[in-house]
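Let's walk through this one together, starting with the whole chain and then zooming in on a few spots. Have the viewer open as you read.

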Amino acid sequence: MFKRHERATATPEVTITIDGAPYQVPSTLSVAAAVLMHQGAAGYRRHAAGGHRAPLCMMGVCHDCLITIDDAPNRQGCLVTVEQGMRVRRQLDEEAATAYRWDTVYHAGGDDGGERDDADL
């Protein structure tokens, strides 16, 4: 998915761990880019509603890049630059996907009997 341009200057590399496996990545990459580089978009993370997600905008707007970094869940991987020794874990299991999810009761129509729209969020 990602390749360095043949005329690009070399950058120092750091070692990060993605799902327990060590990888060498350029020190200038974001966490999201490093994961995409080595793991691809398939299975990047699972949304709290169960669907698959992967980084889309790569600039912090879409929140589809949420990932666990050094045991802190739901970090925006596109906004965090890799660092030596960083531990990254994709949020693939149901527990990680739902542990810190946003309250979506009203977003999906809700079940509290009250009617809400986006202006109430």
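Among contacts in the chain (heavy atoms within 4.5 Å) between residues at least 6 apart in sequence, 40% join residues at least 24 apart. Keep in mind that this is a predicted model, where local features need pLDDT of at least 70, side-chain atom pairs count only at pLDDT 80 or more, and totals for chains, interfaces and linings use all residues. Residues are numbered from 1 along each chain as its sequence is written, and side-chain values use heavy atoms, with hydrogens and water left out.

The chain has 2 helices and 7 strands, and from the N terminus on they run β-β-α-β-β-β-β-β-α. Those elements are DSSP runs numbered from the N terminus, with helices being H or I runs of at least four residues and strands being E runs of at least two. Of the 121 residues, 29% are buried; here buried means under 20% relative accessible area, exposed over 50%, and partly exposed in between, using a 1.4 Å probe and protein chains only. The chain exposes about 7,800 Å², and carbon and sulfur atoms supply 50% of that; the areas come from the Shrake-Rupley method with a 1.4 Å probe, and for residues only the protein chains shown count as cover.

Now find helix 1, residues 31-39. Its buried residues are Val31, Ala32, Ala33, Ala34, Val35 and Leu36, and they pack against strand 1 (13-18), strand 2 (21-26), strand 5 (66-69) and strand 7 (87-89). Just past the end of helix 1, glycine 40 takes a positive phi of about 80 degrees.

Skip the neighbours within four places in sequence, and isoleucine 16 is in contact with Ala21, Pro22, Tyr23, Val25, Ala34, Val82, Glu83 and Met86.

Strand 5 runs antiparallel to strand 6 (residues 72-76), and 3 bridges join the two; strands count as paired if DSSP finds at least two bridges between them. Isoleucine 67 has arginine 75 in strand 6 as its bridge partner. The hairpin leaves 2 residues between the strands, and aspartate 70 in the turn has a positive phi of about 50 degrees.

Next, look at arginine 90, in the loop between strand 7 and helix 2 (94-99). Is arginine 90 buried or exposed? Arginine 90 counts as buried because its relative accessible area is 16%. Its side chain makes a polar contact of 2.5 Å with that of aspartate 19. Such a contact is a pair of N or O atoms within 3.5 Å; within protein, one must be able to donate a hydrogen and the other to accept it, and residues adjacent in sequence count only if both atoms are side-chain atoms. Aspartate 19 lies in the loop between strand 1 and strand 2 and is partly exposed at 35% relative accessible area. Phi of aspartate 19 is near 50 degrees, a positive value in a residue other than glycine.
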